[in-house]
Amino acid sequence: MPPPNARALPARPFAFIAHFVRLYWPAVLGVALLESGQSTCAILLPFAIRRIIETVEGLRLDGLSGSEDPRLWTELGDPLLLFAALNLGVIIFSRGSGAVLVMLGPALRRRIRRSLFAWLQIHSQRYFLGNFAGSLANRIAETSMSTAQVLWTIMFDFWPLVISFGVSLYLLDGVSRDLALLLGVWVAVYVTVSFLLARRCRRYARDYAAARSLVSGKIVDSVTNITNAKLFARQVHEREYLERYLDIEVSKARRTFWFMEGIRWFQFIAAAALMVGLVYSAIGVWAAGGMSLGAFAMSASLGLLLIEQARGLSRKFLDFFEYLGNVTDGVATIVQPHEVVDVPDAPSLRVRAGEIRIENLRFGYLPARPVFDGLNLTIPPGQKVGLVGFSGSGKSSLLNLVLRLFEPQGGRILIDGQDISQVSQESLRAAIAMIPQEPMLFHRTLLENVRYGRLEASDEEVMAAARMAHAHEFILQAEDGYAALVGERGVKLSGGQRQRIALARAILKDAPLLLLDEATSALDSVTERYIQECLQQLMQDKTVMVIAHRLSTLAHLDRILVFHEGRIIEDGSHETLLARGGHYARMWAMQAGGFLPETEQTGQLDPDQAGHISKLAQTEVS
Ligand SMILES: Nc1ncnc2c1ncn2[C@@H]1O[C@H](COP(=O)(O)OP(=O)(O)OP(=O)(O)O)[C@@H](O)[C@H]1O
Ligand SMILES: [Mg+2]
């Protein structure tokens with residue numbers, strides 16, 4: 001399967017729209033032709049009426065002898081046939097284009113959504129930290145809808161109008177040059193002014209849209225913090241807070257709508273002017289003997305039809321700008337270049353033993369504020385390493401870098417000698433099972449959530465993993481058991497339950513490298529003890545990095561690294577670090593409550609050292 005980022009998307013709005021038109025060009029061309037047919041037929045109706053009137057008028061002059069006269073239908077046959085055919089044409093062409101649209105519209109939107117989603121998926125972790133999930137989902141929906149709307153506005157509004165004006169000009173030119181000139185000038189002025197007014201109005205419409213979305217944002221924020229509002233009894237305050245933004249919205253709305261009212265004044269006056277002008281000039285031409293009664297009627301009906309079609313042109317321009325603006329914004333947000341990309345033809349990572357080597361790693365979320373500045377570390381195959389250190393010292397960041405969720409600014413990370421930036425991200429992450437600090441669950445069933453670790457696992461395997469992670473018991477207690485839904489991000493589970501689901505997932509994945517970031521922090525000590533046994537089993541034959549604040553979780557590991565401001569300040573086994581009486585020993589002493597029950601078991605510390613450590617702990621506390 002080709003990587004989903006293989007097909008590039010254009011990052012400019014018109015190129016973006018053109019890209020999708022090209023994919024569906026036969027259907028788009030079909031709609032354009034059918035619409036041309038429809039508007040040609042519709043605007044030719046006055047011409048058919050002209051023919052009918054002229055025939056009737058001729059018959060009257062010839063002294064038609066009532067409705068029995070055979071000449072009536074022989075003479076009128078052709079004009080009536082034309083009239084009927086044009087009406088039929090309008091029906092067939094318009095419904096034909098409707099049918100193509102029914103097939104094209106949903107397919108087009110689906111294609112756009114899929115492409116945008118595929119593009120979005122490849123974005124880096126950093127990208128998602130800066131963009132909210134809800135607004136991204138909105139953007140995708142809006143961009144696909146607006147891309148289609150831009151197309152429809154062109155094909156169903158602008159294009160038919162061009163045809164109508166063109167055919168009308170041609171018909172009027174056949175009657176009188178002056179009439180054609182009048183219409184031509186009117187069209188030029190009308191279209192230009194409509195366009196300019198719409199462009200002016202666009203600014204107001206944008207302000208109004210911004211005010212609207214600000215109000216929505218405030219409501220979302222307020223609802224998200226509904227617990228805060230309740231806890232502090234601030235419902236009234238929240239309503240008053242919202243009121244301010246509603247006021248702004250009202251004033252922006254009025255300004256926009258007043259301007260639109262102004263546009264309508266222009267349109268109504270222009271329409272009346274065209275009508276009066278056309279009839280007045282037509283009378284002039286007719287009086288001078290240059291026009292038949294039928295031609296006169298045709299000119300007047302053309303005027304009526306054109307006014308009907310041209311009315312709302314400013315509105316259409318306005319919509320068009322808005323849709324185009326949506327596409328521009330959406331494309332600019334989503335179709336940015338990807339930050340973390342595979343090198344061309346990246347090979348798969350091959351984990352043989354599981355050695356992790358970090359060479360001179362330099363990284364900062366902001367380059368100006370480095371988290372790591374030249375970190376070196378080698379973890380031999382199969383070693384189990386504990387990472388400890390103060391909050392914010394860079395432990396989670398290191399795991400993120402091993403997973404290549406972020407790109408370091410310098411240095412390399414090697415797994416079994418292979419630079420992780422040179423292998424495919426998919427193979428890298430397939431080789432690592434990670435339990436993140438705050439595990440998230442899909443709003444899907446518990447079964448699906450656990451199975452996410454290995455999609456092809458059988459129900460029995462899923463349950464076995466859940467049993468190992470001590471999740472099976474509470475899952476069975478849920479009303480629907482494994483079929484229970486867990487709520488958005490897993491909110492219907494407790495923190496400890498979520499962690500056990502995440503653990504079951506990792507067990508199922510069974511990858512050669514295992515990273516645990518506070519994987520058992522939310523569990524009570526009894527459950528944690530159970531889980532430790534399961535973890536021991538899981539860790540066998542794997543290279544493991546474990547972050548924990550509760551040091552007893554790490555004491556049995558092969559090696560412990562103490563982090564401080566992105567540097568490793570202590571490195572050794574639990575016993576050696578205790579014996580050193582440094583940072584780790586101090587933290588250990590504090591967690592053990594000032595004395596060290598484990599000393600007897602390990603036998604590594606002499607009473608002097610223990611005393612020294614508890615003194616250190618006391619100074620730290622005071
Ligand atoms: N997404 C981010 N954007 C910017 N800075 C970040 C981001 N994530 C972490 N940091 C910063 O990077 C530093 C290291 O954070 P990290 O999460 O690695 O700490 P940690 O050792 O895991 O802490 P904890 O024990 O609290 O989980 C901190 O100063 C933190 O504020
Ligand atoms: Mg962390």
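How many bridges join β9 to β10, and in which sense do these strands run? In this predicted model, in which local features need pLDDT of at least 70, side-chain atom pairs count only at pLDDT 80 or more, and totals for chains, interfaces and linings use all residues, five bridges join β9 to β10, and the two strands run antiparallel. Residues are numbered from 1 along each chain as its sequence is written, while chains are lettered from A and ligands numbered from 1 in the order in which they are written. Helices (H or I, at least four residues) and strands (E, at least two) are DSSP runs numbered from the N terminus, and two strands pair if DSSP finds at least two bridges between them.

On the parallel side of the pairing scheme, strand β3 (residues 384-389) is joined to strand β9 (residues 559-564) over five bridges, with G389 opposite F563 in β9. These strands belong to an open sheet of six strands, ordered β6-β7-β8-β3-β9-β10 and mixed in its pairing. Because β6 (432-435) and β10 (567-572) stand at the edges with a single partner strand each, one side of each is left without a neighbour in the sheet. From one strand to the next the twist averages 15°. Helix α16 (residues 495-509) lies across β6 and β7 (513-517) and runs at about 175° to β6, where angles run from 0 to 180 degrees between N-to-C directions and axes are lines fitted to C-alpha atoms, for helices over the stretch in contact.

Strand β1 (residues 356-363) takes part in two antiparallel pairings. Six bridges connect β1 to strand β2 (residues 372-379) in the antiparallel sense, and L361 stands opposite L375 in β2. Another five bridges connect β1 to strand β4 (residues 410-415), again antiparallel, and here I356 stands opposite I415 in β4.

F165, S168, L169, L172, D173 and V175 of α5 make the contact with R177, L179, A180, L183, G184 and V187 of α6, contact being defined by C-beta atoms, placed from the backbone, that lie within 7 Å. These residues divide into eight nonpolar, two polar and two charged; Ala, Val, Leu, Ile, Met, Phe, Trp, Tyr, Cys and Pro count as nonpolar, Asp, Glu, Lys and Arg as charged, and the others, Gly among them, as polar. The axes of helix α8 (residues 235-287) and helix α9 (residues 293-310) come within 10 Å and cross at roughly 170°, which makes α8 roughly antiparallel to α9.

Ligand 1 is surrounded by residues that include L129, Y365, G389, K395 and Q437, each with its C-beta atom, placed from the backbone, within 6 Å of the ligand. The largest share of this shell, three residues, comes from helix α11 (residues 395-402), and by class the shell has three nonpolar, eight polar and one charged residues.

Methods: Two residues are in contact if their C-beta atoms, placed from the backbone, lie within 7 Å. Angles under 35 degrees count as roughly parallel, over 145 as roughly antiparallel, 65 to 115 as roughly perpendicular and the rest as oblique.
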